[in-house]
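Student: Hi! Could you walk me through this model?
Tutor: Happy to, here it comes.

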Amino acid sequence: MEPSASAAAPCVYQDPSLLPDLTVLQNLILTATPISSFRRYLADLGLGGFDLSTMPRELARPTLSLLDLARALAIEPQLLLLDEITASLPADLTSRVFSVARQLRTEGRSVIFISHRLAEVSALCDRATVLRDGKTVGVVEPAQGGEERIVKLMLGPVAEEVAAEAASPSTPATGAVAVEVRDLKAGTLNGVSFTLRFGEVLGVAALEGQGEKELFDCMAGVRRPESGQILVGGKARSFGHPADAIRAGLVLIPADRLQALLRQRSVRENIALPFVNRIARWGPINPRREKRRVATAVKRLQIDTRVTSEVRRLSGGNQQKVGIARWLAGGFKTLLCFDPTRGIDIGTKRQIYGLVKELAANGSAVLLFTSELPEIQVACNRVIVLFGGELVDEMPASDADERALLRAAHGLPSEEGE
Amino acid sequence: MATAAAAAPRTSGIRFGRAARRYGWTIAVYSLFAVLMVVTLIIKPDYGAFEWNTLTLAALPLAFAATAQTIVVLSGGIDLSVGPLMALANVLALRAMLGHDLGYSLIVALIVLLEVTLAGALNGAIIVLTRVPDIVITLATSFIWAGLALLVLAKPTPGVPFDFQNLAQGSTLSAWIPNALLLLLVIPLVWIPLRRSRAGLAIYAVGSDRNAAFRSGVNLGLSRVLAYAVGGFFAACGGLALSMTTGVGSPLAGTYYTLSGVSAIVLGGVSLAGGRGGMLGPVAAAYILSLIPAVLIYLGIDPNYGQMIQGVLIVIVVMIGGLGVVLRRA
């Protein structure tokens, strides 16, 4: 019954496992972690002089991940398990984690590193085991150009087709203007203007915390901008509530799927929810009509489930598909995707991008933020780059390779020298 | 840790702000009690040691009921059987003590504490083993404990030995420090060592985030059973307090204390979602809730309005607390 914390192989997960309502020090006492050793590793991770009487509730996620890692390291394990730890870390902190992992390797200790970011796997790992549907499908040495093989193994024969289609390069769109944002200010976001056209996928590239969250929240009606305008179809709109944005045709696909889904209710009810108040108003729900529309959406998205099952029993990828399916069924004009593929396997990921592009091709407008820069080129027609709350660059997808985006996302290339 | 923290680029102002935020609710509850006391003194200028003694007697069982509920709620649960557990302790004590001297009564009290602690542990064990929600199990067991209390003693019966009553009713040290106030020391005597131990941290951990607690190596089942057992212990203290303060064994006396205990912990700043809060707040809240009916009597108002005032007070206080959270975010 005793979980892994007491064993010789501690595991650091994507969701930090520090208790939010105990101080960091109390957390360490709870797990009987040697404090001095913890402090030393914390300093290695760039958090020297950290105040142990802080409550994890008050800390940002990346910091929590580093604390979690330092706690695991402090018991000097022979084997360390890192389960998607980099998913919530910005690039600079990821490199610190890597240097610690390499340090362990030179000391003759082992690290098992679980990630869906291939670039990280090839940068860090000596050997990679590829799992698909719970089975080992291959062992690869990523250093020697194994990245392509990993992708192939992960996709499997069926998904490969979709992937190939999704990876095809896109051309700039020339449709009518769907949404125009003028000098929008909110929190970190400091005066951003751009236009989003029907028929295009517009990428938003940014490191974490550059105002991208505020931008999406304002456009989806989750928060009110401090100043600036959002024009939908040429008319200035003010969203006081997500319902206003939805009525104007702007719908949000959040990174945390469960934020938007009712996880204890069925897939069908989840998909039907947003348009219930449109079709039936306050009258009774017409079950046959509901069923038909839901079935169409489920089929189109290849959601791997029976529609009556509870959403919480689905995999993350399938949950995200339900999140998109509900808007397909409800009808929309503009899709706001905020990191929709966070923590999703590569097969489903490509399916989602394929779907997003198909929607755009059929005349919708899509605004897409992803924390994984290489994916922007795969999915988008055009990219805007946010840095420090301002729009610093705009480029067509053909120029937006990872290097170019990283440079732009760090501000001026000469300053950072990335 | 203060010296180590000094290395961090933080000013003492932030540290002070954080302390105020963390303990703000407790400070506010004590301030509210102080204000109420001042109001009482204005209304009733001849307020004296006797009235103060009466208040401590009225608050003693409620303070224990609140403590019992606090520890269970901190572990992420709820115990609807606190009142009946108090009644059970109360009647068991009366049956065994009737006609005996102080020494014998104290031994009885220890045995009753043990028995009702086990009953609390049983609550926890059933919840952990059956995985039925705690609110359902403790609702069910509340009827069981209440029925058991009626079997032990069918109707209210006086006869708690006077020496035993005097443990709470007298004022050994000074007229302004009644024994009923000193008996509250049982709470820190049990709570502080527990709070400082890994077991106590584990109780907070389970209530704070069960998943993270599991990953931290906490034995979830055992921690929850422990919380219910300690809850049972404090419920037993509450039952014995009823014996001391009323001198009567009554199978129905406890019923009032289940929900009043919940009121006290909400007022005392314990999050019903678990993991947040302490013991100082609920005890002060028990005093506030006991003072209100007394004030109404001094004012010549029907003390039954006290229940309504209690309800209004809870809504207002929790609303102001929520307002504080909103303002901090803005």
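Student: What should helix 4 of chain B span at 1.5 Å a residue, and how far apart are its end C-alpha atoms?
Tutor: Helix 4 covers residues 82-97 of chain B, and its 16 residues should span 22 Å; the end C-alpha atoms are 22 Å apart, which agrees. The expected span is 1.5 Å times one less than the number of residues. Helices here are DSSP runs of H or I with at least four residues, strands are E runs with at least two, and both are numbered from the N terminus. Before we go on: this is a predicted model, where local features need pLDDT of at least 70, side-chain atom pairs count only at pLDDT 80 or more, and totals for chains, interfaces and linings use all residues. Residues are numbered from 1 along each chain as its sequence is written, with chains lettered from A and ligands numbered from 1 in the order in which they are written.

Student: How many residues of helix 4 of chain B are buried?
Tutor: 14 of the 16, so helix 4 of chain B is largely enclosed by the rest of the structure. Buried means 20 or more other C-beta atoms within 10 Å of a residue's own, exposed means 12 or fewer, and partly exposed is in between, with C-beta atoms placed from the backbone.

Student: And what follows helix 4 of chain B?
Tutor: B:Gly99, with a positive phi near 80°. Helix 14 of chain B has a glycine just after it too: B:Gly300, whose positive phi is about 75°.

Student: Where is B:Trp52, then?
Tutor: In helix 3 of chain B, residues 49-74. B:Trp52 has 19 other C-beta atoms within 10 Å, so it counts as partly exposed. Its C-alpha atom is 9.1 Å from that of B:Ala175, 123 residues away along the chain.

Student: Switching to chain A: how many helices and strands?
Tutor: Chain A has 16 helices and 15 strands. Of its 418 residues, 42% are buried.

Student: At what angle do helix 2 and helix 3 of chain A pack?
Tutor: About 130°, with the axes of helix 2 (residues 35-44) and helix 3 (residues 61-74) 8 Å apart. Axes are lines fitted to C-alpha atoms, for helices over the stretch in contact, and angles run from 0 to 180 degrees between N-to-C directions.

Student: Which residues make that contact?
Tutor: Helix 2 of chain A brings A:Ser37, A:Phe38, A:Tyr41 and A:Leu42, while helix 3 of chain A brings A:Ala70, A:Arg71, A:Leu73 and A:Ala74. Two residues are in contact if their C-beta atoms, placed from the backbone, lie within 7 Å.
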